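We'll go stop by stop.

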Amino acid sequence: MTPLADAAWGNFYNKLAYKCRKAEKLFVQIDSFYPSSKTCPRCLHKFEDLILAMRQWICPHCGQHNQRDYAAALNIKRQGIMQLKAGGHTVLRQ
Ligand SMILES: [Zn+2]
């Protein structure tokens, strides 16, 4: 990512964190190197051969058909919930 793109994301995160604090909501940020697109949301197998042009893939471990962005969203959500639970928070809706 370019320095400008990094700065834009950093600015976005700062504003989002501020808004969350103001609304008394929790803000959770996952590791930017977490392989959210490459991880099967069903079995958590990491598909190392996934390239950017592949928008969907079949998990070689469990056979799950994954759409790249949807799988990433599910994995990011799971990581966020794990961080909240690790921090002692109760998550009501998963
Ligand atoms: Zn799988």
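Colour by burial to begin: buried residues make up 9% of the 94 residues in the protein. Here a residue is buried if 20 or more other C-beta atoms lie within 10 Å of its own, exposed if 12 or fewer, and partly exposed in between, with C-beta atoms placed from the backbone.

Keep in mind that this is a predicted model, where local features need pLDDT of at least 70, side-chain atom pairs count only at pLDDT 80 or more, and totals for chains, interfaces and linings use all residues. For your selections, residues are numbered from 1 along each chain as its sequence is written.

**Whole chain**

The mean for the protein is 93, and 99% of its residues reach 70 or more. Helix α1 (residues 3-22) has the lowest confidence, at a mean of 88, while β2 has the highest, at 97. As a rule of reading, where pLDDT is low, the predicted coordinates should not be read in detail.

Zoom out for the overall dimensions. Along the principal axes, the C-alpha atoms fill a box of roughly 45 × 35 × 15 Å. The radius of gyration of the protein is 16 Å, but a compact globule of 94 residues would have one near 12 Å. That radius is taken over C-alpha atoms, and the globule rule is 2.2 Å times the number of residues to the power 0.38.

Next, select 1-25 and 31-94 in two colours: these are domain 1 and domain 2, with bounds that come from an automatic or database domain assignment. Their C-alpha centres lie 22 Å apart.

**Stop one: α1**

Select 3-22. Is this helix buried or in the open? Of the 20 residues of α1, the number buried is zero, so it lies largely in the open. The expected span is 1.5 Å times one less than the number of residues.

**Stop two: the loop from α1 to β1**

Step on to Glu 24, which follows α1 and lies in the loop between α1 and β1. Check its backbone: Glu 24 has a positive phi of about 60 degrees although it is not a glycine. Glu 24 is exposed, with 6 other C-beta atoms within 10 Å.

Leu 44 is also worth a click. Leu 44 sits in the loop between α1 and β1 and has a positive phi of about 70 degrees, again without being a glycine. Leu 44 counts as exposed, with 12 C-beta neighbours inside 10 Å.

Glu 48 belongs to the loop between α1 and β1 (56-58) too. With 7 C-beta neighbours inside 10 Å, Glu 48 is exposed. Its C-alpha is 9.2 Å from that of Pro 35, 13 residues apart along the chain.

**Stop three: Asn 66**

Select 65-67, strand β2, and pick out Asn 66. Why does Asn 66 count as buried? Because 25 other C-beta atoms lie within 10 Å. Leaving aside neighbours within four places in sequence, the contacts of Asn 66 are Cys 40, Pro 41, Gln 56, Trp 57, Cys 59 and Ala 71. Contact means C-beta atoms, placed from the backbone, within 7 Å. From Asn 66 to Pro 41, 25 residues apart along the chain, the C-alpha separation is 8.1 Å.

**Last stop: α2**

Finish with 68-86, the 19 residues of α2, which reach 27 Å from first C-alpha to last, close to the 27 Å expected. Just after α2, Gly 88 takes a positive phi of about 85 degrees.

Technical notes
Helices (H or I, at least four residues) and strands (E, at least two) are DSSP runs, numbered from the N terminus. Two residues are in contact if their C-beta atoms, placed from the backbone, lie within 7 Å. pLDDT is the predictor's confidence in each residue, from 0 to 100.
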